[in-house]
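Subject: Structure handover and findings

Hello,

Here is the structure I promised to pass on. My notes follow below it.

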Amino acid sequence: MQITITKTTAPKEKPASDILGFGQYFTDHMFMMDYSAEQGWHNARIVPFGPLAIHPACTALHYGSEIFEGLKAYRRADGVVQMFRPMENIRRMNNSAERLCLPTIPEEEALEVLTAFVQFEQDWTPSAPGTSLYLRPFMFGSDETLGVHAVHNAQFIIIASPVGSYYKEGINPVRIMIEDEDVRAVRGGTGEAKCGGNYAASNRAGQRAEEKGYSQVLWLDGVERKYIEEVGAMNVMFKIAGRIVTPKLSGSILPGITRKSCIEVLRQQGYTVEERLLSIDELSQAMADGTLEEAWGCGTAAVISPIGELCYKGVKYPVNNGEIGAVTQYLYDTLTGIQWGRVEDTFGWTHPLESK
Ligand SMILES: *Cc1c(COP(=O)(O)O)cnc(C)c1O
């Protein structure tokens, strides 16, 4: 695929690694590509990072035709920059696109433009411990009409943001509130697509939890409000009486790549991992009788997030005395080890880039 490059005439200074935070700074360029029903994907280009011109009737602004992905590029000790399982993100983006009637991008072409863009911006990948270059591919419907129909025009964009260590002093257990009012998604809805609308629907519960001093909510299924689904924007796993249990992908759960990687690492280590329905009653019972040994969330941003306390209907249940459990720590060390090149990648998950 031909990519036109327009270099910025005003390169920015790169921020110091201790002030990065998450998604606050952006690199000098962005990748863009347009879709129309007549021409398909065309006009692939790398251009200076900056505001978009959007028609006020743009489909995405009115009807929420927007999907996104999130993955990271990591700088290894030898200086090489590598992405983690990028093809998984591309496949998931195409699944999200199909659900929202947005155009898909042929897998090989999507990987080609993503790789070309990250290669072009790779100097922006920080090297301090725990830092990385967060990549945000996204797509939205850009028809210039208020008529409601499947999308005929779309834009695909990739932006990149150097991000800091999610946990400044190692990983810390978080407090989670089990949400019994709002729901995130229902089967047949858009829960398994990574789309902005799911986040808009989650904000109210997240805000209420934060006001009560919790960092995230744990979502129950939207129909019976009985089965555990996800925590915040992460998948969730539990160690109950020696077994690892995680909600099965039922249609309303986002199929996380960190989730998939955890399952593969754990099975390789000989753990039993059960992907099944897990009811709040079963979890309450395990919390009450002490068989809930560990709980953690998993997602690209934090990788592994230990859960130190669960609150359900006002009752607080400490998990593993509020400490990080052995399996949680093992997963964090293994996944981040592979991502930063400290642990040998026997799975073939990393995608190193050519140095400039
Ligand atoms: C992105 C996301 C996840 C985690 O997926 P990863 O591929 O592991 O980053 C989990 N749940 C929701 C709702 C998400 O949007």
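A term before the findings: buried means under 20% relative accessible area, exposed means over 50%, and partly exposed is in between, with a 1.4 Å probe and protein chains only. By that scale Gln269 is partly exposed, because its relative accessible area is 41%. Gln269 is found in the loop between helix 5 and strand 14 (273–276).

Two points on the source. This is a predicted model, in which local features need pLDDT of at least 70 and side-chain atom pairs count only at pLDDT 80 or more, while totals for chains, interfaces and linings use all residues. Residues are numbered from 1 along each chain as its sequence is written, and side-chain values use heavy atoms, with hydrogens and water left out.

Helices here are DSSP runs of H or I with at least four residues, strands are runs of E with at least two, and both are numbered from the N terminus. Contact means heavy atoms within 4.5 Å.

Helix 2 and helix 3

The axes of helix 2 (residues 86–99) and helix 3 (residues 107–121) come within 10 Å and cross at roughly 125°. That makes helix 2 oblique to helix 3. Axes are lines fitted to C-alpha atoms, for helices over the stretch in contact, and angles run from 0 to 180 degrees between N-to-C directions. Angles under 35 degrees count as roughly parallel, over 145 as roughly antiparallel, 65 to 115 as roughly perpendicular, and the rest as oblique.

From helix 2, Pro86, Met87, Ile90, Arg91 and Asn94 meet Glu107, Glu108, Ala110, Leu111 and Leu114 of helix 3. The residues of this contact divide into 6 nonpolar, 1 polar and 3 charged. Here Ala, Val, Leu, Ile, Met, Phe, Trp, Tyr, Cys and Pro count as nonpolar, Asp, Glu, Lys and Arg as charged, and the others, Gly among them, as polar.

Ile90 of helix 2 is buried, with a relative accessible area of 6%. Leaving aside neighbours within four places in sequence, Ile90 is in contact with Glu107, Ala110, Leu111 and Leu114. Asn172 is 82 residues from Ile90 in sequence and 31 Å from it in space, C-alpha to C-alpha.

Cores

A nonpolar core is a set of buried Ala, Val, Leu, Ile, Met, Phe, Trp, Tyr and Cys residues joined through side-chain atoms within 4.5 Å. The largest one has 37 residues, of which Phe31, Leu135, Met139 and Phe156 touch the most other members. Elements giving two or more residues to this core include strand 2 (29–36), strand 3 (40–48), helix 2, helix 3 and strand 8 (153–163). Helix 3 gives the largest share, 7 residues.

Phe31 has contacts beyond four places in sequence with Ile3, Ala44, Arg45, Ile46, Val113, Phe117, Phe156, Ile157 and Ile158.

Helix 5 and helix 7

The axes of helix 5 (residues 257–268) and helix 7 come within 11 Å and cross at roughly 105°. That makes helix 5 roughly perpendicular to helix 7. Thr258, Ser261, Cys262, Val265 and Leu266 in helix 5 meet Val327, Tyr330, Leu331, Thr334 and Leu335 in helix 7. This contact divides into 7 nonpolar, 3 polar and no charged residues.

Gly337 lies in helix 7 (residues 326–339). Gly337 counts as buried, at 1% relative accessibility. Not counting residues up to four places away in sequence, Gly337 touches Tyr332, Arg342 and Val343. Arg76 is 261 residues from Gly337 along the chain, yet their C-alpha atoms are separated by 9.9 Å.

Single residues to look at

Val303 has a positive phi of about 65° although it is not a glycine. Val303 is found in strand 16 (residues 303–312) and counts as buried, at 4% relative accessibility. Asn321 is another non-glycine residue with a positive phi, near 55°. Asn321 is found in the loop between strand 17 (315–318) and helix 7, and counts as exposed at 69% relative accessibility.

Ser202 lies in helix 4 (residues 196–211). Ser202 is buried, with a relative accessible area of 14%. Outside four places in sequence, Ser202 is in contact with Arg184 and Trp219.

Best wishes
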